[in-house]
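Colleague: I have some questions about the labels used for this model. Please set each value against its cut-off.

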Amino acid sequence: MPRWLAVVNHMAGRRPVDPAVIADVLRTAGVDADVEAPGSAKATVTMLREEAQQGRTHFALVGGDGTVNLAANALIPLALNPKPVIGVLPTGTGCDLLRTFALPQDLAGAALHLATDATYDIDVVALEGPWGDRYFVNVAQAGVGAAAAVTAPRLNRRLGSVRYPIAFGVRLPLFPRANVRVTTERRTVESTALAVIVANAQFFAGGWNVAPKATLIDGVVDIQIIDVAKTRAPALVPKVIRGTHLADRGVRRWSAAEFSIETEPTWPVEADGDPLGNTPMRGRVIPAALRLKI
């Protein structure tokens, strides 16, 4: 059985996580692991890279989707062989990647999965923009949803996953609609819109089923242009939560392996809940870039 490196993200979730609790949960599940709690995102990236370069192959990420994003951006540029295995011990405000695979949202249940042999080779998406090069695993977006992702971290951590819908309601009234152009290997779509969503997995924002047809193993992302009036946007949210919004006349959807997004005016961009900067952006799918412990 491999020895895992369990990396605790202090900033994930409603309150800091005690590394001793994580060690106890892993011990109870029969998982052999070293538990570390770096003091910052930069220190986490350094630790992950150093351990991987020294031969470590299994990484348990104690946090949420942002922690997975941090690990992907640390490990993928190393072009490791064999590919690293990541597992998730959920303590973040949104552990939506796990929902796509119906994995447990509690620490004890998730830890038990680390003791099994099953892994999934999952796609990762490479992004380019004025802000540089980044990778994401779950969902990226430009528009009003990305603006909400910028505002949500400024709200009280104790609000947990409701920070995002609160931030969405705050940003929507004054957010500018844009003329957007989305270009993929097969088509170019021009439209007015409030948001463009690029989904590698199915869920975001703490359980919203934004891309019910997406899968992380098909070499493409799910692209959606949301073109509804601001007055209709609140009514669309319950449909997004349930995953029934694709039938709405204001939603256009298709799949692609490569894409570019241009907007006028420029829009904020976020990936896996992490604000990156502004449009334009380009992206491409990297098939089977990581192994996810399931």
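Colleague: Which residues form one aromatic cluster?

Modeller: Tyr164, Phe204 and Trp208 form it. Bear in mind that the model is predicted.

Colleague: Why is the pair of Tyr164 and Phe204 called tilted?

Modeller: The ring centres of Tyr164 and Phe204 are 6.0 Å apart, and rings pair if their centres lie within 6.5 Å. The planes stand at 55°; stacked needs under 30 degrees and edge-to-face over 60, so this pair counts as tilted.

Colleague: What parts does that pair tie together?

Modeller: Tyr164 belongs to helix H7 (residues 163-171), while Phe204 sits in the loop between strand E10 (195-199) and strand E11 (221-226), so parts 40 residues apart in sequence are tied together.

Colleague: How do you know that Tyr164 and Phe204 are buried?

Modeller: Buried means under 20% relative accessible area. Tyr164 has 12%, so the label applies. Phe204 has 7% and therefore also counts as buried.

Colleague: What makes the pair of Tyr164 and Trp208 edge-to-face?

Modeller: The angle between the planes of Tyr164 and Trp208 is 80°, and over 60 degrees counts as edge-to-face. The centres are 5.5 Å apart, within the 6.5 Å limit, so the two rings pair. Trp208 lies in the loop between E10 and E11 and Tyr164 in helix H7, so this pair ties together parts 44 residues apart in sequence. Trp208 is buried, as is Tyr164.

Colleague: How many aromatic pairs does the structure hold?

Modeller: There are 5 aromatic pairs in the structure.

Colleague: How many cavities of 30 Å³ or more are there, and what volume has the largest?

Modeller: The count is 2, and the largest cavity has a volume of about 210 Å³. Its lining has 18 residues, with Phe168, Ile197, Ile226, Leu236 and Val240 nearest the centre. Helix H8 (233-242) gives the largest share of that lining, namely 4 residues.

Colleague: Which classes make up that lining?

Modeller: The lining of the largest cavity has 14 nonpolar, 4 polar and no charged residues.

Colleague: What lines the second largest cavity?

Modeller: The lining residues include Ala110, His113, Leu114 and Lys293. The largest share, 3 residues, comes from H5. The space in this second largest cavity is about 60 Å³.

Colleague: Which residues of helix H5 are buried, and what covers them?

Modeller: The buried residues of H5 (residues 107-114) are Gly109, Ala110, Ala111 and Leu114. Their cover includes strand E1 (4-8), helix H1 (19-28) and strand E16 (281-293).

Technical notes: Residues are numbered from 1 along each chain as its sequence is written. This is a predicted model: local features need pLDDT of at least 70, side-chain atom pairs count only at pLDDT 80 or more; totals for chains, interfaces and linings use all residues. Side-chain values use heavy atoms; hydrogens and water are left out. Buried means under 20% relative accessible area, exposed over 50%, partly exposed in between (1.4 Å probe, protein chains only). Helices (H or I, at least four residues) and strands (E, at least two) are DSSP runs, numbered from the N terminus. Contact means heavy atoms within 4.5 Å. On a 1 Å grid over the protein atoms alone, a cavity is a set of points where a 1.4 Å probe fits but cannot get out, and a pocket is an open set with protein on both sides within 12 Å along at least five of seven lines; lining residues have an atom within 4 Å of a point. Grid points are joined across faces, edges and corners, and a volume is the space filled by probe spheres set on the points. Ala, Val, Leu, Ile, Met, Phe, Trp, Tyr, Cys and Pro count as nonpolar, Asp, Glu, Lys and Arg as charged, and the others, Gly among them, as polar.
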